Amino acid sequence: MKVRRSMLLVPAGDANKIEKARQSSADMLMLDLQDSVPFDEGAKTQARATLRAALTQPFPRSREINVRLNALHSPWLMEDMVMALETDVDSVTF
């Protein structure tokens with residue numbers, strides 16, 4: 001069983017906030033592609049690209065990296081899943 005002391009929810013489309021989160025002491029970082037990103041194709045695509053770029057830089061291994069994907073029936077889910085698989089995140093949330 002994993003015990004987490006803290007989780008930090010971070011907007012996936014904001015590179016500055018992702019970088020600040022990288023330096024935090026939270027046990028889990030949830031990088032949110034769903035509610036923190038406006039519901040339009042351009043914003044979702046840009047947020048996914050921002051997150052992909054951020055995930056190419058290593059995070060401390062003591063942190064669990066979780067990506068909150070768009071909803072199951074959204075048009076963005078499949079692209080989110082591909083990005084999560086290609087970047088080898090620790091877990092995903094719908």
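Arg48 counts as buried in this predicted model, since its relative accessibility is 6% and the cut-off for burial is under 20%. Its side chain forms a salt bridge with Asp80, with 2.8 Å between the closest N and O atoms. Because Arg48 lies in helix H2 and Asp80 in helix H3, the pair ties together parts that are 32 residues apart in sequence. Asp80 is buried as well, at 0% relative accessibility. Side chains of opposite charge can pair when their charged atoms come close. The count of salt bridges in the model comes to 10.

Another of these bridges joins Arg68 and Asp35, at 3.1 Å from N to O. This pair also links distant parts of the chain: Arg68 belongs to strand S3, Asp35 to the loop between S2 and H2, and 33 residues separate them. Arg68 is buried, with a relative accessible area of 17%. A network of salt bridges links Arg68 and Asp35 with Asp32.

Strand S3, which holds Arg68, spans residues 64-68. Five of the five residues of S3 are buried, so the strand is largely enclosed by the rest of the structure. The burial applies to both faces: Glu64, Asn66 and Arg68 are buried on one side, Ile65 and Val67 on the other.

What does S3 pair with? Strand S2 (residues 28-32) runs parallel to S3 and is joined to it by five bridges; Leu31 has Val67 as its bridge partner in S3. Strand S4 (residues 91-93) is also parallel to S3, with three bridges between them, and here Asn66 has Ser91 as its partner.

Leu9 has Met30 as its bridge partner in S2. From S1 the chain crosses through H1 to S2, and this β-α-β crossover is right-handed.

Helix H1 covers residues 15-22, and Ile18, Ala21 and Arg22 are buried in it. Viewed down the axis of H1, its buried residues fall within an arc of 105°, so they line one face of the helix. Asn16 and Lys20, on the other side of H1, are exposed.

An α-helix has 3.6 residues a turn, so residues three or four places apart point the same way.

The last stop is on the surface. Leu72 sits in the loop between strand S3 and helix H3 (77-87). With a relative accessible area of 53%, Leu72 is exposed, because the cut-off for that class is over 50%. Together with Val92 and Phe94, Leu72 forms a nonpolar patch on the surface, and the accessible area of the three is about 270 Å².

How values were computed. Residues are numbered from 1 along each chain as its sequence is written. This is a predicted model: local features need pLDDT of at least 70, side-chain atom pairs count only at pLDDT 80 or more; totals for chains, interfaces and linings use all residues. Side-chain values use heavy atoms; hydrogens and water are left out. Patches are made of residues with over 30% relative accessible area and no salt bridge: like charges are joined within 9 Å, nonpolar side chains (Val, Leu, Ile, Met, Phe, Trp, Tyr) within 5 Å. Accessible areas come from the Shrake-Rupley method with a 1.4 Å probe; for residues, only the protein chains shown count as cover. A salt bridge is a side-chain nitrogen of Lys or Arg within 4 Å of a carboxyl oxygen of Asp or Glu. Helices (H or I, at least four residues) and strands (E, at least two) are DSSP runs, numbered from the N terminus. Buried means under 20% relative accessible area, exposed over 50%, partly exposed in between (1.4 Å probe, protein chains only). Two strands pair if DSSP finds at least two bridges between them. The arc is that of the directions from the helix axis to the C-beta atoms. A crossover is right-handed if, with the strands pointing away from the viewer, the path from the first strand over the helix to the second runs clockwise.
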